[in-house]
Amino acid sequence: MQHRAKKSLGQNFLKNQGIIEKIADAADPTPDEVVLEIGPGQGALTKELLGRAGRVIAVEKDDQLFEYLKTEYASAINQNRFDLINGDILEFDPEVLRFYGSYKLIANIPYNITGAIIEKFLSASFQPEMMVLMVQKEVAERIVAKDPKTGRPGKESILSIAVKAYGIPTYICTVKAGSFVPAPSIDSAVIKISEISRKNFLNKHHEEVFFQLVKAGFAHKRKILAGNLKNILEPDLVAQAMNEGGILLNARAEDLGISQWLFLSRYVYNAQYGI
Ligand code: SAM
C-alpha cells in the first residue's frame, strides 16, 4: 500500500517474517484464545495472529491504516474473528475484554508510549494474562535487569521492579533495525511478560504502599535507599524493615530484587494498617 510512515505515531513496520513468527511463537495464541494487538499498522503481525488465535482485537490510531485494514481484512471481520477499532490505545478500556475471560496482549508498539502501555495494562483492573512486546533493546535489557554482555543480574530500576511485581519478564530475541521499514536508529528486542497477576499483593492498599516505596526509593539516584525512604517514612520504621529483611542499611534502591521490595512493602503495610 501507498503510505508515508508517520514518525509521530512511531511507525516502523515489521518486514521480517522470521521475527513475526518468533513473536507469535512466544505468545502461542490458540484457536480458543483472544489477542489484543496494539497498532496493527499494515497488518504484518495481525495476519500471523489471525492465523493462530480465535479472535484478534486490534486498536489502530492512524485513520488511513485503519481504512486499509478494514478492506484488507474484510473477510475476518465478516467472520466475526477480527475486531478493528480506530482509536488511541491509551484511551482503550481493557474492561471491555472481560467478557472473553482472558486475553493476551501482543504488539510491535510505538516506542514513544512503551512505558505508558506497559503501566496501563499491568495495573489494569482486567490485566492480560501475558504480554509479548517489541520494545527498544535498551528498554528490554532494563526490564529483565540482566547485563547484556554477561547475562548476569544487572541493576534494577522502577520499570524492572514494577514489571516483576506483576509478572515474569523474559528476553525473547534481539531484532536488528533492518527488520523494519523505515529502519529505526537503534535495535529492538522482543520481550515476554508471563503469569501476569496481582498475587504478590495482599490487597489494593498493599499494592499502593508497594509503589509508594518503590517510587520514593528510586527518587534520588545519588542517595542510599534508607535516605530516600526517610522522606516518606519514620526513620525507625525504615531501619527496622531493612534490618528484618536482611537488607544492608547502605544499600541503594537498584541493589534490591523484587522479593526484597515485596518484603519491605509488606512490613510497612503491616505497620501502617496494624496487621
Ligand atoms: N504492527 C505493525 C507492524 O508490526 O508492522 C505496525 C507497528 S508500528 C511500530 C506502531 C503502530 O502503532 C502504527 O501502526 C501506529 O499507527 C500505531 N499507533 C501509534 N500510536 C498509537 C496509539 N496511541 N494507539 C493505537 N495505535 C497507535
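Begin by selecting Lys104, which is placed in strand 5 (residues 104-108); helices (H or I, at least four residues) and strands (E, at least two) are DSSP runs, numbered from the N terminus. The model is predicted, so local features need pLDDT of at least 70 and side-chain atom pairs count only at pLDDT 80 or more, while totals for chains, interfaces and linings use all residues. Residues are numbered from 1 along each chain as its sequence is written, and side-chain values use heavy atoms, with hydrogens and water left out.

**Lys104 and its surroundings.** Lys104 has a relative accessible area of 6% and is therefore buried (buried means under 20% relative accessible area, exposed over 50%, partly exposed in between, with a 1.4 Å probe and protein chains only). Show its side chain together with that of Glu33: a polar contact of 2.9 Å joins the two. A polar contact is a pair of N or O atoms within 3.5 Å; within protein, one must be able to donate a hydrogen and the other to accept it, and residues adjacent in sequence count only if both atoms are side-chain atoms. A polar atom of the Lys104 side chain also lies 3.3 Å from the backbone oxygen of Asp28. Not counting residues up to four places away in sequence, Lys104 touches residues including Pro29, Val35, Leu36 and Met130, where contact means heavy atoms within 4.5 Å.

**Asp28.** Select Asp28 next, in the loop between helix 1 (17-27) and strand 2 (34-38). Asp28 is not a glycine, yet its phi is positive, at about 50°. Most residues other than glycine have a negative phi, and most peptide bonds are trans. Asp28 counts as partly exposed, at 45% relative accessibility.

**Two further backbone stops.** Move to Pro182, in the loop between strand 8 (180-181) and strand 9 (188-194). Then select Glu195, in the loop between strand 9 and helix 8. Its phi, near 50°, is a positive value in a residue other than glycine, and Glu195 is exposed, with a relative accessible area of 51%.

**The ligand.** Display the ligand and the 21 residues around it, of which Gln11, Leu14, Gly39, Glu60 and Asn108 come nearest; a residue is near a molecule if one of its heavy atoms lies within 4 Å of it. A polar backbone atom of Gly39 is 2.8 Å from a nitrogen atom of the ligand, and a polar side-chain atom of Asp88 lies 2.9 Å from a ligand nitrogen atom. On its own the ligand has 590 Å² of accessible area, of which the protein covers 98%; accessible areas come from the Shrake-Rupley method with a 1.4 Å probe, and for residues only the protein chains shown count as cover.

Now select Leu36, Phe121, Leu133, Phe210, Trp261 and Leu264, which touch the most other members of the largest nonpolar core, a set of 57 residues. A nonpolar core consists of buried Ala, Val, Leu, Ile, Met, Phe, Trp, Tyr and Cys residues joined through side-chain atoms within 4.5 Å. Helix 8 (residues 204-217) gives the most to this core, with six residues. Finish at Trp261, whose contacts, leaving aside neighbours within four places in sequence, include Ile161, Phe210, Leu225 and Ala253.
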